[in-house]
Amino acid sequence: MAFLTWQDRYSVGIGQIDDQHKQLINMINELNDAMLTGKGKNVLMTVLNKLAEYCVSHFAVEEKLFDVHVYPETADHKEKHHKMTTKVKALIGEVQSGKSTISIEVMNFLKNWLDKHIMETDKKYGPYLNSKGVK
Ligand SMILES: [Fe+2]
Ligand SMILES: [Fe+2]
């Protein structure tokens, strides 16, 4: 069974965004598999960097939609993205330097963050953007 599985309750009602969230879930699973199968630091770093880059580009897509459609909760949402980006960058630095490694705790942090962010923060923009014609 996958570490994190897409569920219909995650849908924000925008196809492009749901696809990106599915991709993020795939990448978290890929990182978890790499950890569980004891892959070395280089492989873990490659997967972690790929996840971080995808995360940043996904956040940018959401934020562009907020700006274009004048989403009222833009500032708060961008702040949450910014905090997560900072955390992931710090994690990359720690894993790279050997100060930290990809552990079950790290994986649970990533999983719980994505679950909570989609359910409590991303889902809020769904109806608003839908009303602006974004589907
Ligand atoms: Fe998102
Ligand atoms: Fe978001």
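# Legends: helix packing in a predicted model

**Figure 1. Helix 2 and helix 3 cross in a left-handed manner.** The model shown here and in the other views is predicted. Helix 3 covers residues 74-97. The axes of helix 2 and helix 3 lie 10 Å apart, and the two helices pack at an angle of about 170 degrees. Angles over 145 degrees count as roughly antiparallel, so helix 2 is roughly antiparallel to helix 3.

**Figure 2. Residues of helix 2 and helix 3 that form their contact.** On the side of helix 2, the contact is made by Lys41, Leu44, Met45, Leu48, Asn49, Ala52, Cys55, Val56, Phe59, Glu63, Phe66 and Asp67. On the side of helix 3, the residues are Thr74, His77, Lys78, His81, Thr85, Val88, Ile92, Val95 and Gln96. Sorted by class, the contact of helix 2 with helix 3 has 11 nonpolar, six polar and four charged residues.

**Figure 3. Helix 1 packed against helix 2.** Helix 1 consists of residues 15-36 and helix 2 of residues 41-69. Their axes come within 10 Å and cross at roughly 165 degrees. This angle makes helix 1 roughly antiparallel to helix 2. Helix 1 passes helix 2 in a left-handed crossing.

**Figure 4. Residues where helix 1 meets helix 2.** Helix 1 contributes Ile17, Gln20, Gln23, Leu24, Met27, Ile28, Glu30, Leu31, Ala34 and Met35. These meet Val43, Leu44, Val47, Leu48, Lys50, Leu51, Tyr54, Cys55, His58, Val61 and Glu62 in helix 2. The contact of helix 1 with helix 2 contains 15 nonpolar, three polar and three charged residues.

**Figure 5. Leu44, Leu48 and Cys55 of helix 2 in both contacts.** Leu44, Leu48 and Cys55 are among the helix 2 residues that meet helix 1. Leu44, Leu48 and Cys55 are also among the helix 2 residues in the contact with helix 3.

Figure 6. Along the sequence, the chain follows the pattern α-α-α-α. The C-alpha trace spans about 45 × 30 × 20 Å along its principal axes. A compact globule of 135 residues would have a radius of gyration near 14 Å, and the 15 Å of the protein chain agrees with this. Buried residues make up 17% of the 135 residues. Of the contacts in the protein chain with a separation of 6 or more, 71% are between residues 24 or more positions apart.

Key
Residues numbered from 1 in each chain as written. Chains lettered and ligands numbered in written order. Predicted model: local features only at pLDDT ≥ 70, side-chain atom pairs only at ≥ 80, totals over all residues. Axes fitted to C-alpha atoms, helices over the stretch in contact; angles between N-to-C directions. Helix = DSSP H or I, 4+ residues; strand = E, 2+ residues; numbered from the N terminus. Parallel < 35°, antiparallel > 145°, perpendicular 65-115°, else oblique. Left-handed = near helix turned anticlockwise from the far one by under 90°. Contact = placed C-beta atoms within 7 Å. Nonpolar A, V, L, I, M, F, W, Y, C, P; charged D, E, K, R; others polar. Rg over C-alpha atoms; globule rule 2.2 N^0.38 Å. Buried ≥ 20, exposed ≤ 12 C-beta atoms within 10 Å, placed from the backbone.
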